[in-house]
Amino acid sequence: MKKFLLKSLALIVSVGILFYGVTFALILPSKGQAFANNYQKGFVYQYRALERAEGKKIITIGASNVAFNTDTALMREITGVPAYNLGIHGGMGYHYILETALKFVDEGDTVIYPFWHFSEDDYGMGLIWLSLEGEQDLIFDFIKEHPVKALSTVGQFGLKKVYASILGNKLDTDSLDMACYRASCFDAETGNYIYERGTPIVSWDAMHATKLAFSPANFDSAFVSTLSEFISACRAKGAEVYFTFHSIMSGSLVNTAEELAEVRSIAEQTFSVEFLNDASEVTYPFEYYYNSPTHLNTAGMKRYTEAVANALVPYLTK
Amino acid sequence: MSFTTLKFLIFFAIVFWGYFLIPKRFQWAWLLVGSLVFYAFSAWWAIFYLLGTITVSYGCARWIQSLSLKQKESLVGVKDKNEKSKIKASFERKKKWVVVLALVLLVGLLVVVKYTNFILKNVESVFHLDSFALDIVMPVGLSFYIFQNIGYLIDVYRGQYEAEKNYFKFALYISYFPHVLQGPLDDYEAVSAELYGTHEFDYARVVSGAKRAAWGFFKKLVIANQISVVIDGVIKSGGTGHEGLSIMLSVVLYAFWIYADFSGYMDMAIGMSKMLGIPIAENFDSPYLSKNIAEYWRRWHITLGAWFRNYVFYSVLRSSWCTAIRKKFKKSKYLASTVPTVLALAIVWLLIGMWHGAAWSYIMHGIYHGGFIILGTILDPVYDKLHKKFPKFYGSKFMSAFRVVRTFTIVTIGYYFFATGAPSLSLSLLKGSCHIYLAGFVQFLSNNLRELIIIGISLIFLIYMDFYNAKGDKPPLGDVVARQKTWVRWTLYFVLLFAILFFRAYDVGDAFAYFRF
């Protein structure tokens, strides 16, 4: 028994050392990044901008609709308060976005959550690792906070990098082949999404094939408790949280106005959070969208940001 | 608790080391506790289903056993033949009723839990009613352990062995963690002695079991999960948005996915059980190298096939109506043997289809495979004649290879029904396969290049292993490895473990394909 125990331990430890040695040798160096121009880097830009932020600020959090819809520069111009985004991809996981955002919430801050029609309640480790390449402090922080999750998933990054190194920059955008999914689409200083988007690049039919639905059934216990905890933590720090709707493309919503009002009312009562806008104020026709019914083009982004920022102003001056 | 989670590895380490450290007489009890904990991890409430079925089978088997004893006692001193047969018939009737009662309870539970919503759904669609589906959650492994309970009961009823006296030992037989979730459907007689026996730590046996389990991990985490990344989107959408060649490749890969997933699980279960000193049944024997569909089903999910053969096929053949059919066709030897066989096969294959899931696509899959087997049975005399007339041609390597490819093609086409779980999606998959657009296929290959490279390389190992095992005239590969020099063995172990860690696919979940059945 002893022989087996010692030999198997020796094997496991040596394989583990090699595996983690190789993986961390691939992910840690800041030089020679394989995914330096990956869309996921946008998240790091947003993170670093928040790290540098001083004083009262506005943080809009969520999924890709945050990056595509909220212009932080315009938000700042209208409200007079420095504005930041934290959200580039719903697949990064709802928990991850909320816990990351909470690190930067301080007294006097305003947090805007464009109420997402469903909850993605975990950690999208593939996307998280992709964004963290070469960001040593963020990698070590993440390992410290989530050791099991981090160490059991970091291997997938190693393989991606080996593949990218052997077969060229194939995975630069990790299957998101459109030009709008690049790190260079973001302002590296502010994390604001600045890629110039004109007329829709996806057909009307394709865009309408994706239906959006808000449902009371989405208020499951996991979603409610996670978001409630986040809101309470923000308030405990002296920050205020507001909801708004993410932009909705006309004709893409399956709900009636009454159903939507019901969802809004449930959200307001469940979380004791006010909505800055009604859904009708952020519902725009097809020509304001770019590549999906929640991703606005540049003109749409301006309209949406103005709607949210103007609605926010009275609350800021209270 | 899936075998591929860290939680399970910790659980197994505790069970394994505890098993050899505690006094030997408590080993089986330790396994029972471990098995119940393991099962409760899937969902705590599911343990009541497991214990309920165990209690029913145990009670009914003991009842049958006591009736058999009473029958023996009643026959002592009785010399009149008529009296003897009367007593026998009376007890046999009682025993039959006990079996029927147990079957009604066990099969009834399976039908209610697994098929209620399927039946309701069909009633709704036939009578155009509003949905009244019920919120029923099926406990994981229910089909497997109910079948194992039924097999045990029928064997006791048939007098093949005596009913187990100790409730807890019987509970271990059903709930034993390597087989409770998705088999193999172990025969009580074959496994009980080792399951309840005491075991010393045997270094060679433990290493051999660990190697087998590691190979299973490779099959699941690397081969099956990487394939899953490539094909999930295609299969689940019924091929929508994909062109024909991509769909065809996905279905072929599905064949390897389900094989690597299911046989990988078996390798882990068999390997871990071997480490504990308890050999459990093999469930696969290089099935994709079969030369016809009947052979394929003797080599794929072996214990399920054996279960249906022992408890359904032979039961139907022995039934009074099959005897009546035989009598009716007594003038034709061919019809007298073929018609009942075809009837029994039709029932078996309909049930096998239904067993896999409460959906028409699974039933169609069962009928599809059954159809080929029935056709083979009907045409058997023709094949015999041809084989006798052209022995060289039919015995040639070319013909063997052709038959293997033909069988694999038939099996793969069958997956069009099986993979989607819905006839409409299967139809869409079939239709989509006809629209070939080369540029789309190249794009599909390019999008999945990384996974396809890993899949391609690892499938070479899988297929090589199958060819090696199928030859049957060579020692098991594990034994060959065990005879190598230390550095060769250690390098192989090292490479295998590293490959599992480095080439495994993430974000595809821990569940195995057969959990849902």
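Predicted model: local features only at pLDDT ≥ 70, side-chain atom pairs only at ≥ 80, totals over all residues.
**View 1. The overall build of chain B.** Chain B contains 23 helices and zero strands. Its radius of gyration is 25 Å, close to the 24 Å that the globule rule gives for 517 residues, so chain B is as compact as a globular protein of that length. Taken along the principal axes, the box filled by the C-alpha atoms of chain B comes to roughly 85 × 65 × 60 Å.

**View 2. The domains of chain B.** Chain B is divided into domain 1, which covers 6–201, domain 2, which is made up of 202–284 + 422–517, and domain 3, which covers 288–389. Taken over C-alpha atoms, the centres of domain 1 of chain B and domain 2 of chain B are separated by 31 Å. Where these two domains touch, 20 residues of domain 1 of chain B and 19 residues of domain 2 of chain B take part in the contact.

**View 3. The side of domain 1 of chain B that touches domain 2 of chain B.** On this side, at least two residues each are supplied by α1 (6–21), α7 (177–180) and α8 (188–196) of chain B, and the largest share, four residues, comes from α8(B). Sorted by class, the side of domain 1 of chain B that touches domain 2 of chain B has 11 nonpolar residues, together with five polar and four charged ones.

Methods:
Residues numbered from 1 in each chain as written. Chains lettered and ligands numbered in written order. Rg over C-alpha atoms; globule rule 2.2 N^0.38 Å. Domains from an automatic or database assignment. Contact = placed C-beta atoms within 7 Å. Nonpolar A, V, L, I, M, F, W, Y, C, P; charged D, E, K, R; others polar.
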